[in-house]
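Please keep the sequence and the structure in view while reading.

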Amino acid sequence: MNQQTKITEQSSKYRHLEKMSVMEILQHINDEDKSVPIAVEKSLPQIEALVTAISDVMLAGGRLFYIGAGTSGRLGILDASECPPTYGVPYGLVVGIIAGGEKAITQAVENAEDDIEQGWKDLQQHNISKNDFVVGLAASGSTPYVIGALQVCKQNNILTGSISCNPNSDISKIADFPVEVIVGPEFVTGSTRMKSGTAQKLVLNMISTSVMIQLGRVEDNKMVNMQLTNAKLVDRGAKMVMEHLHNMTYEKAKSLLLQYGSVKKAIEVAKAHQHA
């Protein structure tokens, strides 16, 4: 790929950052951040195609994999790890994989992203098959670890998507459903954990939320299948049950919720008793 087309690596439009006041730094970062949702908006048709394809695969019983290196890999793991508590889906339905393995979640692992064969090996650890869907995350669009994984996925008839921040990138040419969010040069030159990372996070939020709604994990606007992993979520869940079942006390709603483990189940049982 031509180095000049890598907008993510182009020089920041700001100079001498070390001479700026703290407020100037903050204002300039904020100004740059404001441009990210606008860039995402331009990519909505691509995101729609990706979400629709993922939903079809998952409605047929398949899994969703995110694979990336560095910040991109960490963002994929974050999105995947939040699906079970938020939507009550089993761990392993949405999986995040990062170059360099678990250590790389908190530490940089040298040369991990440059291994073109390791990505596919890491996917194989999960018995990946043509029933699953793989989304490659790479701000640059040229990460060998991710590109290698997607290439072998294609050879094995596994549908793929990608999220990158450079136009016409290598990964977009490989993925079945590429998404390109062109956010421009970073405030600190080449620091793609900033705008590029924010763009990827926004798109990942869209993907997992939209897909989980398609899978029936949300009713009205509520997380009716969320796991009751702390007091805040139990309280929120009890109030949801009360909202659905008029004339029920908070204590009764909380009791039903804890007995049946989800808002959805508690409401179903209570309604069945009401009509019995």
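Phenylalanine 177 is partly exposed, because its relative accessible area is 24%, and the terms used here are buried for under 20% relative accessible area, exposed for over 50% and partly exposed in between, with a 1.4 Å probe and protein chains only. The model is a predicted one, in which local features need pLDDT of at least 70 and side-chain atom pairs count only at pLDDT 80 or more, while totals for chains, interfaces and linings use all residues. Residues are numbered from 1 along each chain as its sequence is written, and side-chain values use heavy atoms, with hydrogens and water left out.

The accessibility values can be set side by side.

| Residue | Relative accessible area | Class |
|---|---|---|
| Phenylalanine 133 | 0% | buried |
| Phenylalanine 177 | 24% | partly exposed |
| Lysine 252 | 46% | partly exposed |

The rings of phenylalanine 133 and phenylalanine 177 have centres 6.2 Å apart and planes at 35 degrees, so the pair is tilted (rings of Phe, Tyr and Trp, the last by its six-membered ring, pair with centres within 6.5 Å; planes under 30 degrees apart are stacked, over 60 edge-to-face, the rest tilted). Phenylalanine 133 belongs to strand β3 (residues 133–137) and phenylalanine 177 to strand β5 (residues 177–180), 44 residues apart; strands (E, at least two residues) and helices (H or I, at least four) are DSSP runs numbered from the N terminus.

Lysine 252 lies in helix α9 (residues 250–260), and its C-alpha is 9.4 Å from that of valine 241, 11 residues away in sequence.
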